[in-house]
Amino acid sequence: MVEHDPKPWISALRASHDRLASLVAPLDADGVNRASMADEWTIAQVLSHLGSQAEIFGTILDAGLAQSDPPSPDGFPAVWDAWNSRSARDQVADSVAANDAFVRKVEGLSRQQLDAVKVPMFGMDLDATRILQMRLSEHALHTWDVA
């Protein structure tokens with residue numbers, strides 16, 4: 001079934017990441033501190049959110065690959081705090097790097113590895129496709145906030 005094929009979702013996530021990276025690459029300090037379309041967030045704060053989510057979704061994916069327990073949502077605030085404590089420039093640069101690392105990771109997985117992903121999270125059993133769909137939804141929405 002096409003809807004469970006993770007490859008198109010990986011390609012779409014790569015395109016969303018590349019678009020966001022191209023939008024923020026030319027921004028200077030004033031640019032990353034400008035208001036975004038997300039209420040009360042600067043562009044840097046949007047990138048901080050996306051970077052923290054790349055980190056969190058990476059741990060969810062790792063749990064699915066290892067067939068181990070998923071990360072506890074109780075640990076998410078520590079991740080958010082770490083990202084929020086970075087300078088605006090670091091939020092942007094580190095987010096682009098974290099998102100690229102997540103996309104590269106899924107791009108490097110074999111079909112067999114992708115098919116084996118299963119992790120109970122957010123009240124459902126997530127497979128690789130569902131993880132990618134959730135990640136893309138978040139990424140595309142916040143890329144629009146920056147654009």
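Reader: Which helices do the buried residues of α5 pack against?
Author: This is a predicted model, in which local features need pLDDT of at least 70, side-chain atom pairs count only at pLDDT 80 or more, and totals for chains, interfaces and linings use all residues. Residues are numbered from 1 along each chain as its sequence is written, and side-chain values use heavy atoms, without hydrogens and water. Helices are DSSP runs of H or I with at least four residues, and strands are runs of E with at least two, numbered from the N terminus; buried means under 20% relative accessible area, exposed over 50% and partly exposed in between, with a 1.4 Å probe and protein chains only; contact means heavy atoms within 4.5 Å. The buried residues of α5 pack against α1 (6–24), α2 (29–32), α3, α4 (76–84) and α7.

Reader: What arc do the buried residues of α5 cover around the axis?
Author: The buried residues of α5 include Gln 91, Val 92, Ser 95, Asn 99, Phe 102 and Val 106. An α-helix has 3.6 residues a turn, so residues three or four places apart point the same way.

Reader: How do the directions of α3 and α7 compare, roughly parallel or roughly antiparallel?
Author: Axes are lines fitted to C-alpha atoms, for helices over the stretch in contact, and angles run from 0 to 180 degrees between N-to-C directions. Angles under 35 degrees count as roughly parallel, over 145 as roughly antiparallel, 65 to 115 as roughly perpendicular and the rest as oblique. Helix α3 (residues 43–66) and helix α7 (residues 128–146) pack at about 175°, with axes 10 Å apart. The two helices are therefore roughly antiparallel.

Reader: Is Glu 40 buried or exposed?
Author: Glu 40 is placed in the loop between α2 and α3. Its phi is near 65°, a positive value in a residue other than glycine. Because its relative accessibility is 79%, Glu 40 counts as exposed.

Reader: What is the relative accessibility of Gln 67?
Author: Gln 67 is in the loop between α3 and α4, and has a positive phi of about 55° although it is not a glycine. Gln 67 counts as partly exposed because its relative accessibility is 49%.

Reader: How many Å apart in space are Trp 9 and Gln 133?
Author: Trp 9 belongs to helix α1. In sequence, Trp 9 and Gln 133 are 124 residues apart. From C-alpha to C-alpha, their separation in space is 6.5 Å.
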